[in-house]
Amino acid sequence: MGFGILMDRADDAWRGTSPGREAWRRLRRDRFAMASLVFLALFALLALCAPLLPLPSPMALDLALEPRAPTPPWESFLERGFQREQFWSLGALDRGLLALRERLFGDRQTAHWFGTDAKGRDLLARIVWGSRISFEAALAAGLVSLFVGVTYGAIAGYAGGRIDNAMMRLVDALYSIPFIFLVIFLVTVVNEYRGELGRLGIERLHVFFVVIGLVWWLTMARIVRAQVRALKEADFVQAARVSGASHARILFAHLVPNVFPMVIVYLTLTIPSVMLFEAFLSFLGLGVEPPQVSWGLIALDSSEAIGVLHTSWWLVFFPSASIGATLFALNVLGDGLRDALDPRRRG
Amino acid sequence: MRRFLLRRLAWFALTLWAVVTVSFVLMRSVRGGPFSAERSLPMEVEASLRARYHLDWPLWKQYLAYLGPLELGPRAPTFLGGDGSDPFGGVLAGDLGPSYKYRDFTVNDVLAQSLPISLALGSVSLFFAVGLGVASGIVSALRRGGFLDFALRLLATLGIALPNFVVASLAILLFAITFPVFPVAGWGSLRHLVLPGLALGAPFAAYVSRLTRTGLVEVLSQDYVRTAVAKGLPPWLVLWRHALPAGCLPVLTYLGPATAGILTGSLVIERIFAIPGTGSHFVNSALNRDYTLCMGVTILYTVLVYALNTLVDLVSTWLDPRLSLEEA
């Protein structure tokens with residue numbers, strides 16, 4: 001982690017542990033946070049490699065149209081019947097991975113370890129493929145909010161005075177708008193242009209990622225501004241100013257790297273809320289469209305099915321458990337990071 | 001105080017204007033207008049519908065008519081060329097226009113019918129959130145470091161992490177199907193309110209619990225609490241009279257965002273439990289492209305959230321003399 005040029009030099013001279021390494025050491029002692037980190041890394045890897053794994057197709061329907069109870073892996077591990085055609089249009093990379101999978105496993109696929117949903121689709125495959133959308137949404141929205149929020153907050157905090165006041169008043173005003181309603185409204189309008197956007201290669205999902213990011217930068221801007229304000233009279237900034245660095249250089253080479261720990265903490269707390277929001281919109285029928293699958297859609301399917309099919313507990317249990325575990329791990333990791341990076345807890 | 005309210009009002013007007021304008025632009029940027037989807041409509045019918053909803057007017061006139069407060073149609077004031085029978089209209093006059101889908105109703109009618117339902121659900125879940133949250137926060141703070149504290153904090157993190165529709169599904173599975181204590185869905189009696197209220201309030205209860213715990217832990221180590229204990233007050237009185245009011249201030253400030261979150265969350269919860277509130281109307285209107293209803297709900301919720309935030313700011317400065325309204 002960069003901590004500004006001057007501090008790096010000071011570190012070199014003194015050969016102490018850098019704040020970043022110090023924080024990492026503290027984080028490693030936090031058993032819950034490390035468990036969460038490992039869990040999330042494994043899950044992300046699973047999501048990334050989904051086409052390579054011998055999972056059934058997440059959209060292959062069973063003609064019985066009836067949920068089947070889970071078959072534990074120790075009873076039946078693999079079975080035959082995988083067909084490559086049963087997918088929505090995938091990207092080139094995923095198609096390649098899928099071809100590789102066929103080389104490796106042939107038409108073998110896992111038995112229904114998590115059971116099947118009300119339409120006979122394999123629940124495990126749907127959860128793994130659905131997690132890809134959630135991770136994508138989190139990543140995209142996180143990046144947009146990072147870019148907009150950090151820039152906005154840093155400029156407001158550095159400029160100070162009237163500019164700062166005006167910029168922060170705008171953030172206050174935006175805070176009081178119930179954005180979710182406007183976003184839903186916007187998504188409906190974008191829906192009308194689905195055909196045109198599709199021809200340009202833009203899916204509704206992409207628009208939606210950008211919109212989420214544009215909404216989620218407000219808190220980030222506030223945090224960064226407060227930190228920059230606190231730091232902008234610090235000695236190393238004065239030194240940079242005296243040695244003739246431009247405002248842009250002071251801001252982005254000296255101040256922003258120093259507020260990064262806080263930014264990372266806030267990002268780990270933003271990501272779960274973005275995932276939640278994606279699931280929320282898909283749940284309402286305004287996010288990802290079938291036959292693609294996301295966690296919100298799975299939750300919607302299961303909550304609709306459970307009212308009719310009272311005994312199919314796995315329909316609710318497995319999706320809830322995976323959504324819950326992921327978001328829980330993200331929250332725990334965020335808390336752990338905050339504790340590890342908080343300079344007041346140094347010791 | 002007056003200056004604070006005036007400034008809030010000015011920002012409120014600006015915010016509302018921005019929301020109205022943005023949603024108006026969004027609505028009108030839809031190709032072909034709201035009736036284009038109904039392909040079965042004959043040309044004449046569509047033309048008469050367009051005339052009825054004034055879609056044949058130039059855009060600036062539609063915008064002014066929507067914004068209000070003066071009516072621009074045939075019932076406009078006489079100096080605008082109307083007969084003066086109903087001179088006011090538009091958002092500023094509290095008139096959100098006709099609904100595109102429920103053709104015999106205005107948006108105001110739909111909201112008047114559904115808002116009380118949503119407010120009832122919202123108050124129940126707010127009650128759950130504050131009641132359960134503060135209670136578990138107190139227990140946690142008093143048993144700090146103990147097993148109960150650990151369990152409650154774990155539960156709180158879980159509550160924050162789980163989406164409300166997951167909580168709702170689990171609650172239905174547990175309390176409506178496995179142990180049929182409450183109805184699966186529907187609306188009508190108090191028992192219908194329990195599960196949705198609980199599912200909607202759960203994440204906020206978890207957050208309130210955290211805030212209460214942190215606040216209380218800090219307050220309990222203060223000198224004045226030690227003095228109160230030292231002069232022999234019974235522990236519950238110390239807690240009730242001295243520690244809680246100060247320890248719960250963060251909870252109070254959180255009530256503004258919590259209410260906004262509960263309003264939003266009710267979109268999903270109302271859908272799961274088939275409750276005919278404003279939230280389900282909003283989602284249906286978005287899916288049916290009933291733009292005026294969509295805009296109406298957005299505007300209504302903007303007003304609600306703004307008013308609540310202002311109220312919370314006022315109350316918390318009244319309770320905590322260290323805060324000043326000038327900075328709020």
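Let me begin with Ala274(B), which sits in the loop that links helix 10 (249–272) and helix 11 (278–288) of chain B. Helices here are DSSP runs of H or I with at least four residues, strands are runs of E with at least two, and both are numbered from the N terminus. The phi angle of Ala274(B) is near 50 degrees, a positive value in a residue other than glycine. In general, most residues other than glycine have a negative phi. Ala274(B) counts as partly exposed because it has 14 C-beta neighbours inside 10 Å. The scale is this: a residue is buried with 20 or more other C-beta atoms within 10 Å of its own, exposed with 12 or fewer, and partly exposed in between, the C-beta atoms being placed from the backbone.

Before I continue, a word on the model and its conventions. This is a predicted model, in which local features need pLDDT of at least 70 and side-chain atom pairs count only at pLDDT 80 or more, while totals for chains, interfaces and linings use all residues. Residues are numbered from 1 along each chain as its sequence is written, and chains are lettered from A and ligands numbered from 1 in the order in which they are written.

I remain with chain B. Its secondary structure comes to 12 helices and 0 strands. Of its 328 residues, 38% count as buried. Two residues are in contact if their C-beta atoms, placed from the backbone, lie within 7 Å. Among the contacts of chain B between residues at least 6 apart in sequence, 65% join residues at least 24 apart.

How is chain B divided into domains? The assignment, which is an automatic or database one, gives domain 1 (1–71 + 82–104 + 288–328) and domain 2 (112–280). Taken over C-alpha atoms, the centres of these two domains of chain B are separated by 32 Å. In the contact between them, 11 residues of domain 1 of chain B meet 9 residues of domain 2 of chain B. On the side of domain 1 of chain B that touches domain 2 of chain B, the classes are 8 nonpolar, 2 polar and 1 charged residues. Here Ala, Val, Leu, Ile, Met, Phe, Trp, Tyr, Cys and Pro count as nonpolar, Asp, Glu, Lys and Arg as charged, and the others, Gly among them, as polar.

Next, a residue in a helix. Phe150(B) belongs to helix 5 (residues 147–161) of chain B. With 13 other C-beta atoms within 10 Å, Phe150(B) is partly exposed. Its C-alpha lies 7.9 Å from that of Ser140(B), at a separation of 10 residues in sequence.

I turn to helix packing. Two packed helices are described by the angle between their axes and the distance between the axes. Helix 6 (residues 164–178) and helix 7 (residues 191–220) of chain B pack at an angle of about 140 degrees, with their axes 9 Å apart. That makes helix 6 of chain B oblique to helix 7 of chain B. Axes are lines fitted to C-alpha atoms, for helices over the stretch in contact, and angles run from 0 to 180 degrees between N-to-C directions. Angles under 35 degrees count as roughly parallel, over 145 as roughly antiparallel, 65 to 115 as roughly perpendicular and the rest as oblique. Among the residues that meet here are Phe175(B) in helix 6 of chain B and Pro203(B) in helix 7 of chain B. This contact of helix 6 with helix 7 of chain B has 12 nonpolar, 1 polar and no charged residues.

Now to chain A, with 14 helices and 2 strands. Of the 347 residues of chain A, 41% count as buried. Among contacts in chain A between residues at least 6 apart in sequence, 80% join residues at least 24 apart.

Is Asp107(A) buried or exposed? With 12 C-beta neighbours inside 10 Å, Asp107(A) counts as exposed. Asp107(A) is in the loop between helix 4 (92–105) and strand 2 (108–110) of chain A.

Finally, where do the two chains meet? The contact takes 36 residues from chain A and 46 residues from chain B. On the side of chain A, the elements that give two or more residues are helix 7 (179–192), helix 12 (247–283), helix 13 (295–308) and helix 14 (313–341). By class, that side of chain A has 25 nonpolar, 10 polar and 1 charged residues.
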